[in-house]
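Here is a friendly briefing to read with the model open beside you.

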Amino acid sequence: QDAGNHTLLSEFVLSGLSSRPELQHLLFFTICLVYSMTLMGNLLICMVTVHPTLHMPMYFFLRVLSLLDISTATVVVPKMLVSLLSEDRSISYLGCVTQLYCVVFLAATEWYLLAAMAYDRYVAVCSPLRYSAIMNSRACLSLVLLSCCSGKVVSVVQTAWVFTLSLCGPRRINYFFCDIPPLIMLSCTDTSRYERQLISATVLVIFTPFCLILLSYTCIISSILKISSAESRHKTFSTCSSHLTVVTLYCASGTLIYLQPKSTNSQDAKKILALIYTTVVPTLNPLIYSLRNKEVKEVLIRVMAVLMKK
């Protein structure tokens, strides 16, 4: 028994996205393409948002969001791609701990950052004359640092909780990366207390920022409706709708994954949701923000023209 537990705790085996051999190469090329688009799109956003004409808090937050998206995809996708082409799908205990910590940290930080971005839009629309004074560079940096610190606290607590559970089940993780729901499935002890704690953490990390975002946008929509010019209303709402689209995507996938952590019936569905959360959404973010933002599109066209000349 001791030897078995030692083997279990020294490494895990990830089952991956699919056990069907005929799908492995198709999945590899598809995910590799999506990952490449994630990197290129978000790096392009990072390049575009440092342009002198886009030196506004909104674009500073967007640049940080892109860096978080790149990090989220990079923590998960390369290991998944290797597993699709290799029979060895093992991951060391330390590697699993590190991956879980990074995934939770990045996800939580991103949620708090989305709340900060909603606050930025609220100040811009509802207090335009005080916008520069309130959202100065120090305030923006403080909001980003607060988001990172909050994400770090959540990640440390959740990772510590998971790996203090008695993981004496089979060492095979029915997932393509180390995440909380599949890991607690390996526990041989009662996890109901931990599941309640996880639901509380989910509410804290997802629904608290989501409620703040909703409150901000209630005030924003109220202010937009008071604008007499239809063109100004459309421009203001277009800027805000990009952020709302991203929030909706994150909220839908995140809550469905973590609110029922030990549901075996929905494990395959959770794989799909986790794939959307870690690979598809980071790819969509640059498209959502660039296609719906006139200023970003204009600078993007200029940057692309310069790159093509080179």
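Tyr 93 is partly exposed, with a relative accessible area of 26% (buried means under 20% relative accessible area, exposed over 50%, and partly exposed in between, with a 1.4 Å probe and protein chains only). This is a predicted model, in which local features need pLDDT of at least 70 and side-chain atom pairs count only at pLDDT 80 or more, while totals for chains, interfaces and linings use all residues. Residues are numbered from 1 along each chain as its sequence is written, and side-chain values use heavy atoms, with hydrogens and water left out.

**Aromatic pairs**

- The structure holds 10 aromatic pairs; rings of Phe, Tyr and Trp (its six-membered ring) pair if their centres lie within 6.5 Å, and planes under 30 degrees apart count as stacked, over 60 as edge-to-face and the rest as tilted.
- Phe 60 and Phe 61 make a tilted pair, 5.8 Å centre to centre with 50° between the planes.
- Phe 60 is partly exposed at 24% relative accessibility, whereas Phe 61 is buried at 0%.
- The pair of Tyr 93 and Phe 163 is edge-to-face, because the ring centres are 5.4 Å apart and the planes stand at 80°.
- Since Tyr 93 lies in helix α4 and Phe 163 in helix α6, this pair ties together parts that are 70 residues apart in sequence; helices (H or I, at least four residues) and strands (E, at least two) are DSSP runs, numbered from the N terminus.
- Phe 163 is buried, with a relative accessible area of 14%.
- Ring pairs link Phe 12 with Tyr 93 and Phe 163 into a cluster.

**The sheet**

- Three strands form an open sheet in the order β2-β1-β3, with mixed pairing; two strands pair if DSSP finds at least two bridges between them.
- The edge strands, each pairing on one side only, are β2 (90–92) and β3 (172–173).
- Helix α4 (residues 93–126) packs on this sheet and touches β1, β2 and β3, where contact means heavy atoms within 4.5 Å.
- The direction of α4 makes about 85° with that of β2; axes are lines fitted to C-alpha atoms, for helices over the stretch in contact, and angles run from 0 to 180 degrees between N-to-C directions.
- Strand β1 (residues 11–14) runs antiparallel to β2, and three bridges join them.
- β1 and β3 run parallel and are joined by two bridges, with Leu 14 opposite Ile 173 in β3.

**The nonpolar core**

- The largest nonpolar core has 85 residues; such a core is a set of buried Ala, Val, Leu, Ile, Met, Phe, Trp, Tyr and Cys residues joined through side-chain atoms within 4.5 Å.
- Helix α4 gives the largest share of this core, 18 residues.
- The residues with the most contacts inside the core are Trp 111, Leu 114, Ile 173, Ile 180 and Leu 183.
- Leaving aside neighbours within four places in sequence, Leu 114 is in contact with Leu 65, Ile 213, His 243, Val 246, Val 247 and Tyr 250.
- In soluble globular proteins, nonpolar side chains tend to be buried together.

- Ser 147 lies in helix α6 (residues 137–163) and is buried, with a relative accessible area of 3%.
- The side chain of Ser 147 reaches the backbone oxygen of Leu 143 at 2.8 Å.
- Not counting residues up to four places away in sequence, Ser 147 touches Thr 109, Tyr 112 and Leu 113.
- Asp 179 is in the loop between β3 and α7 (180–184) and counts as buried at 0% relative accessibility.
- From C-alpha to C-alpha, Asp 179 and Leu 100 are 5.5 Å apart in space, yet 79 residues apart in sequence.
- Beyond its neighbours within four places in sequence, Asp 179 is in contact with Leu 100, Ile 257 and Tyr 258.
- Tyr 217, in helix α8 (residues 192–225), is buried with a relative accessible area of 3%.
- Tyr 217 and Tyr 122 are 95 residues apart in sequence and 7.0 Å apart in space, C-alpha to C-alpha.
- Apart from neighbours within four places in sequence, Tyr 217 is in contact with Ala 118, Arg 121, Cys 240, His 243 and Leu 244.

Terms used
Polar contact = N/O pair within 3.5 Å; in protein donor to acceptor, adjacent residues only side chain to side chain.
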